[in-house]
Amino acid sequence: MKQEAFYDYTRIHEYMMGMRPLLEKSALFTDGTDDYRIPSEPDPGDEVRIRFRTAKNNVDAVWLCYGDERLKMKVVEQDEQFDFYETSLRVGTERIEYYFRIATGRLVCEYDRSGAVNIGGAKHFFYLYPGFHVPEWSKGAVMYQIFVDRFYNGDKTNDVLEDEYQYICFHASKATNWNKAPDPFNVAQFYGGDLEGVRKKLDYLQDLGVEVIYLNPIFVSPSNHKYDIQDYDYIDPHFGKIVVDEGEVLERYDEDNIFATKYICRVTDKRNLEASNQVFAQLTKEIHERGMKIILDGVFNHCGSFNKWMDRERIYENKEGYQTGAYIAKDSPYHDYFRFEPEGNWPYNNVYDGWWGHDTLPKLHYEQSKELEEYILSVAKKWLSEPYNIDGWRLDVAADLGMSPAYNHEFWKKFRKTVKETNPDALILAEHYGNPAAWLKGDEWDTVMNYDAFMDPVSWFMTGVDKHSEMYQPEAEGNLQQFTDTMYYFMADFPIQSLQCAMNELSNHDHSRFLTRTNHKTGRVQHLGAKAAEEDVNMGVFRAAVMMQMTWPGAPTIYYGDEAGVCGFTDPDNRRTYPWGNENKELIRYHKELIALHKSSAVFKNGSMKIIKDDENILAYGRFTRKEQYIVIINVADKPEEITISAWELGLNQRGTLLQLIFSNEDGYSTAPVEYKMEHGRFDIQMQKYSAVVLKGIDE
């Protein structure tokens, strides 16, 4: 919205006559942080003070607007540059949506989460949910995602054996070369990474500055990704511990040529399962002793055809301690856990609902079985409790769970109640694409993996490539208008507390590595080859993206190996091994510096954010509180830019000083201090091509 749209002729006449200044639109500000909403996360019955900032002596009146109410605000504080208006309201139990109306002379405008808009234009409201609290530790927490099989092999005695079983027509195998790129679509190819490998690398993760470890699924499963869970009650012995390696020869075939051989006992023998759970308990204990947290992947929408409830491969048939699977007998106690085809010859022509049609991923039918619902809730509770004490759940395809939207919300309400009763400080973080607002009302999820308000817009703006490396749109690269419009639009879907702990990733197990996206090559690894993912990458763009990740609102989450320069197209090439011994050590040091900066100030955890310059290819934004101010500037152009930044609107002194904390470009980075002097609230800076910088306001 252009500022001219707010002017009226009376106001312009008064300005020309020197009677009053024009509206300082850039001074208008509020959000849901502690400086502007007190308390920022109120409980029902609390009195909440809400503040709004304007330029000093610049406006005539400000109103807080919600429902049919219009509360006139009063100036409660002034400093050299700003007036701070305030009003109070007592909250009940219902959500409150609010915005502001500002009047000066005959000019009236409104202010919502996208900024100042014409009268009647407010639609991106501020949300207040009484009683909605997220764990304080999760706000801005530095997370590290590990795809366990590819991280580090700490115990070679638990490795998958050659031809141990066959799954989806692939024979289980162990890669003999740790540094070899994964074979396309081979979910039965293993590299040997395990929980002992994670434990042995805790020193590295702690030194890097990691606060939270997020593990992709680790429960019993025949695949390397383990999103097809076989048993929710136990850690997979190939990730945990194999203490017994003997037993019956079991050979079963079906029409899909899926069979299990003599070694299948390794992951069904209770001695191995119990030992593996003990390994995990010891890992979580050590993680907690280091002051770190751990989150597990909860795959509750579907399970695997190997699951003891379905048992399509007949692994558990007639095995002591296990009941008959739903695929084997119609009178199985697990029959109602799944939805089979209607009446016909048992087993209903072998047809049942699979997630997205995958018969190896039977969809769980909660609406048919109260026992299933209670079981999964008990699973959530089990791993949050002694002796495991995990700190939260990442929920796979969470919006898909159940057979209807109504039940989906019903289940997640029960899930939240179970989780928070077990550990009130546990985090509930969902995988979700699209608007998450329906689940972020304080009674279901805490937050989401932030695709729409981080990964997607950052990828398009900085590389012009989508998150799968399947499309390159040159017109999107460096397009600040598209970036800011997208960010404002999708960030408005989040309550402030959910935004502060949203998982901000550049890469993950489902999408291409960000470093690969910088080379503008599009396609799949089976067509382009693994080497192409590493060619012509732009380290300057990647460093700038990491700087944004570590300074943007949310929880910056590193996908294992990104910090070491790992490349890769989308799944499965994005699941390459961590390059121990071949790391890009300069890039690791760069991550370490930025993580330390991120953790050095509460500004980056729960402070305000404001975009202060959005010229083509140049983005500048502030992270600030009333006491501390930082500026981040990013140039994604292939040419240097001389720019002027107006920074007074962050609360900086009009003639203050800015200190450069870290600078990056194509060649590397520097932490050498450089000072910039402001005049009239502005300063000039020369930005090299593909560069980024963090500046801090310092007291004179």
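Me: Is C567 buried or exposed?
Reply: Bear in mind that this is a predicted model. The relative accessibility of C567 comes to 6%. Buried means under 20%, so C567 counts as buried.

Me: And what about C501, buried or exposed?
Reply: For C501 the relative accessibility is 0%. With the cut-off for buried at under 20%, C501 therefore counts as buried.

Me: How many disulfides does a search of the whole structure find?
Reply: A disulfide is a covalent bond between the sulfur atoms of two cysteines. To count here, a pair of cysteine sulfur atoms has to lie within 2.5 Å. Searching the whole structure for disulfides gives a total of zero.

Me: Which residue class supplies eleven residues to the contact of α7 with α8?
Reply: On the α7 side the contact includes F454, P457, V458, W460 and F461, and on the α8 side L480, F483, M487, F490 and M491 are among those taking part. Two residues of this contact are polar and one is charged. The class with eleven is nonpolar.

Me: Where is M471, and is M471 buried or partly exposed?
Reply: M471 sits in the loop between α7 and α8. Its relative accessibility is 40%. Since buried requires under 20% and exposed over 50%, M471 counts as partly exposed.

Me: How far apart in space are M471 and G523?
Reply: Setting aside neighbours within four places in sequence, M471 is in contact with W460, G464, V465, D466 and T522. In sequence, M471 and G523 are 52 residues apart. From C-alpha to C-alpha, the separation of M471 and G523 in space is 7.8 Å.

Me: One more pair, please: what is the handedness of the crossing of α12 and α13?
Reply: Helix α12 (residues 539-551) and helix α13 (residues 585-600) have axes that come within 9 Å and cross at roughly 25°. Therefore α12 and α13 are roughly parallel to each other. Their crossing is right-handed.

How values were computed
Residues numbered from 1 in each chain as written. Predicted model: local features only at pLDDT ≥ 70, side-chain atom pairs only at ≥ 80, totals over all residues. Heavy atoms only, no water. Contact = heavy atoms within 4.5 Å. Helix = DSSP H or I, 4+ residues; strand = E, 2+ residues; numbered from the N terminus. Nonpolar A, V, L, I, M, F, W, Y, C, P; charged D, E, K, R; others polar. Axes fitted to C-alpha atoms, helices over the stretch in contact; angles between N-to-C directions. Parallel < 35°, antiparallel > 145°, perpendicular 65-115°, else oblique. Left-handed = near helix turned anticlockwise from the far one by under 90°. Buried < 20%, exposed > 50% of the residue type's maximum accessible area, 1.4 Å probe, protein only.
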